[in-house]
Amino acid sequence: MSYSDREFISTYNRYIDMIYRLCFSILKNREDTEDAVQSVFIRYLKYGKKFENERHEKAWFIVTSSNICKDMLRQSWRHNIRIETYDFIPHTENPADSDIYMAILDSPYKYKAVVYLYYYEGYKTHEIAEMLHKPSSTIRNHLTEARRHLKKILDGGNS
Amino acid sequence: MSDDKIISAWNKMNPDSSTKEKILLQIQDTVKAGKKNNLTLIFRRFAVGFAAAAVLLLGSLGTAYAASPAFREYVHLLLFPLYTSEEIISIDNGHMTGSFDKTDVLLSFLDKFNRKEFGNAITVTKENGYHYSLFIQNMNQLLAFVDCSIEGYCIVIHMEHEAYESTDGIWQVTGYQILEKPIAENMKKQLEPYSDTLTEKITSLPQENTAIKGTEDSIVMYNVNEKENVVSINKDDCKVISNILSACEKSNDISGGLFQYVIKINDTSYMFDSVGNGMIDSSGKHWGITICESDLSVIKSLFKLYNISW
């Protein structure tokens with residue numbers, strides 16, 4: 001199955017933000033994020049199968065994006081990026097917002113993916129479990145630990 | 001920490017419109033380059049496939065060249081023609097003057113005979129063509145019995161097949177006799193009437209009886225895979241092999257597979273595959289040979305007796 005330019009651009013506009021967010025949260029720099037997003041859409045063009053519905057398509061993009069980012073992270077030279085080197089730190093009027101943003105970026109992968117899918121995309125824990133091929137209980141644990149982790153960072157490690 | 005704050009934090013990661021446009025352009029460029037690469041890849045695959053096929057073909061031709069004398073001869077014929085242009089002219093002349101074909105030779109002779117070029121007093125009958133019948137005297141000789149102008153008599157033309165350079169040979173008239181018809185009829189009874197098939201065999205098959213009888217003491221056998229193990233055969237076994245090879249069926253067609261087993265008698269090699277199909281190679285000429293099952297088992301036992309693997 002191949003997509004027409006119109007179909008592709010429609011899909012691209014529908015998912016670019018989500019994919020970019022997800023990739024950026026994992027890779028933490030703009031250049032790698034752009035490479036990853038490009039790879040995701042190239043893989044989509046090569047995928048060639050019809051999706052059952054939009055939900056299926058969205059889940060495919062999420063899983064593919066996270067897999068591509070994980071692959072990129074496996075390259076040794078990316079492992080030890082320090083938070084100070086992030087090249088995309090937004091300026092916000094409220095410093096607290098910026099702190100949450102940094103806290104999310106600095107979370108382990110397993111937490112931020114779950115947090116993103118649960119809070120931002122609105123998936124249920126069992127849906128996330130299915131998508132990430134993990135038990136629901138693990139996802140629930142990750143959510144709890146992620147909240148605790150974020151809180152700890154935001155509280156400056158005082159709690 | 002509220003959910004809104006988390007969502008708001010994620011929203012800060014959204015790409016701006018220029019980034020989106022940039023990524024889209026990069027994807028389109030990659031796809032175009034991919035299409036070009038695919039074409040290159042297809043071309044390369046085709047080239048590799050073609051090269052592989054060419055190598056296989058060359059390999060097969062090389063194997064066939066090494067394994068098959070018939071193929072080798074064909075290649076030589078193709079690449080190195082046997083005849084020079086002068087020889088070809090000479091052969092053409094031979095055909096034009098009827099020097100090669102037996103019928104042409106005979107009819108040319110009869111024409112000359114009727115023109116009394118040989119100082120003869122009588123002529124041969126010519127009514128809607130010459131009246132003659134052909135008989136085989138021996139392997140290389142034919143007799144033509146021709147009606148003549150004197151009642152109660154006929155003319156017997158002696159024709160002989162001679163080797164001529166690299167050709168299949170030529171027919172020549174070597175003499176003629178004027179005989180009474182009853183004597184001629186008696187002669188015919190002792191001869192085999194000519195037929196095209198039989199004559200073809202006479203002119204093209206090796207004279208196996210002569211070849212085998214003359215060399216009973218010099219028969220060797222071997223397996224082509226064990227060329228170091230060439231074995232001479234004792235006199236009694238030679239007779240057995242001679243009888244078998246004399247009796248087996250021969251033809252102008254060579255069939256069969258890998259001719260692995262060789263019986264060599266002077267310059268003539270009899271080569272067989274494991275099921276009895278084979279080839280005779282005599283002085284660079286080739287004929288097909290087939291050994292019947294019972295004879296094959298005898299030859300097989302002889303090979304084993306002389307410790308040659310079969």
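1. A first point concerns a single residue of this predicted model: L107(B) counts as partly exposed, because 16 other C-beta atoms lie within 10 Å, whereas a buried residue would need 20 or more and an exposed one 12 or fewer. L107(B) belongs to helix α5 of chain B, which covers residues 102-114. Its C-alpha atom is separated by 9.3 Å from that of G129(B), a residue 22 places apart from L107(B) along the chain.

2. For the overall make-up of chain B, the reader may note that 10 helices and 12 strands are found in this chain. Of the 310 residues in chain B, 17% are buried. When contacts in chain B between residues at least 6 apart in sequence are taken together, 48% of them join residues that are at least 24 apart.

3. The seven-strand sheet of chain B deserves a careful look. The sheet is open, its strands follow the order β7-β6-β9-β10-β11-β12-β8, and the pairing is antiparallel. Its edges are formed by β7 (231-232) and β8 of chain B, each of which pairs on one side only.

4. Strand β12 of chain B, residues 285-290, is joined to strand β8 (residues 249-251) by three bridges, and the two strands run antiparallel; within this pairing, E249(B) stands opposite T290(B). Strand β11 of chain B, residues 277-282, is joined to β12(B) by six bridges, again in an antiparallel arrangement. On that side, G278(B) stands opposite I289(B), and D281(B) has H286(B) as its bridge partner in β12(B).

5. What lies between β11(B) and β12(B) in their hairpin? Two residues separate these strands, and S283(B), which sits in the turn, has a positive phi of about 50 degrees.

6. Helix α9 of chain B, residues 235-247, contains 13 residues and reaches 18 Å from its first C-alpha to its last, which is close to the 18 Å expected at 1.5 Å a residue. Within α9(B), the residues I241(B), S242(B), I244(B) and L245(B) are buried.

7. The contact between the two chains takes 25 residues from chain A and 20 residues from chain B. On the side of chain B that touches chain A, helices α1 and α2 of chain B each supply at least two residues, and α2(B) gives the most, with eight residues. Sorted by class, this side of chain B has 11 nonpolar, five polar and four charged residues.

8. Which residues have the most contacts inside the largest nonpolar core? They are I19(A), C23(A) and V37(A), in a core of 43 residues. Two or more residues each are given to this core by α1 (5-27), α2 (30-47), α3 (54-73), α4 (95-105), α5 (109-120) and α7 (136-154) of chain A, together with α1 (3-11) and α2 (17-67) of chain B. The largest share, nine residues, comes from α1(A). Because domain 1 (1-80) and domain 2 (94-159) of chain A both give residues to this core, it lies between them.

9. V37(A) can be followed in detail: leaving aside residues up to four places away in sequence, V37(A) touches I16(A), I19(A), Y20(A) and C23(A), and also I23(B).

Terms used:
Residues numbered from 1 in each chain as written. Chains lettered and ligands numbered in written order. Predicted model: local features only at pLDDT ≥ 70, side-chain atom pairs only at ≥ 80, totals over all residues. Core = buried A, V, L, I, M, F, W, Y, C linked by C-beta atoms within 7 Å. Helix = DSSP H or I, 4+ residues; strand = E, 2+ residues; numbered from the N terminus. Domains from an automatic or database assignment. Contact = placed C-beta atoms within 7 Å. Nonpolar A, V, L, I, M, F, W, Y, C, P; charged D, E, K, R; others polar. Expected span 1.5 Å × (residues − 1). Pairing = 2+ DSSP bridges.
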